[in-house]
Amino acid sequence: MKRVLIILPLCLASLQAGAFSPQVQGYIQELKAEVKKTDPSFSDFSIERGKEVFTSVHVGKKGEKISCTSCHNANLRDKGENVHTAKMIEPLSPSANPARLTKLKDVQKWLRRNFNDVYNNDGTALQRGDVLYYINAN
């Protein structure tokens, strides 16, 4: 019984992070190391915290109330629309759009850009990792 209890959390953690491309998985490991520097008790990113980051409303860089869902919708399997440009956005969920979360350069670019749009900063390593887990889980 003890073996099952020990193995189950390890399996769940690998399921959360396992679907990322090798390059993005490396980035996830870098984010984890960054978080551990400030919080030695940190164990892993959280889908639940990621959902909170993704859905919470803030005063964005243009002074309006905005969240990630303002453009990407609450259902990440649906297409979205940029609230400023009306440009269509392909589904964010890798289950609906397998190209998502595969190219490290794109992941870093869009995290930085979108955090700046909504949060007026680049996002912490914890926020970025949590959001990546949340998007990946949808």
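By salt bridge I mean a side-chain nitrogen of Lys or Arg within 4 Å of a carboxyl oxygen of Asp or Glu. D117 lies in helix α5 and K61 in the loop between β1 (58–59) and β2 (65–66), so this pair ties together parts that are 56 residues apart in sequence. Helices (H or I, at least four residues) and strands (E, at least two) are DSSP runs, numbered from the N terminus.

Before I go on, some housekeeping. This is a predicted model, where local features need pLDDT of at least 70 and side-chain atom pairs count only at pLDDT 80 or more, while totals for chains, interfaces and linings use all residues. Residues are numbered from 1 along each chain as its sequence is written, and side-chain values use heavy atoms, with hydrogens and water left out.

Back to K61: this residue is exposed, with a relative accessible area of 52%. The cut-offs are under 20% for buried, over 50% for exposed, and partly exposed in between, with a 1.4 Å probe and protein chains only.

The count of salt bridges comes to five. Another of them joins K32 to D44, with the closest N and O atoms 3.2 Å apart. K32 lies in helix α2 (residues 22–38) and D44 in the loop between α2 and α3 (47–55), so the pair ties together parts that are twelve residues apart in sequence. Both K32 and D44 are buried.

E34 and R128 also form a salt bridge, at 3.8 Å from N to O. E34 lies in helix α2 and R128 in helix α6, so here the parts tied together are 94 residues apart in sequence. E34 counts as partly exposed, at 39% relative accessibility, and R128 counts as buried, at 15%.

Staying in helix α6 (residues 125–137), we find D130. Is D130 buried or exposed? D130 is buried, with a relative accessible area of 2%. Apart from neighbours within four places in sequence, D130 is in contact with F45, S46, R49 and G50, where contact means heavy atoms within 4.5 Å.

N97 lies in the loop between β4 (88–89) and α5. N97 is buried too, at 15% relative accessible area.
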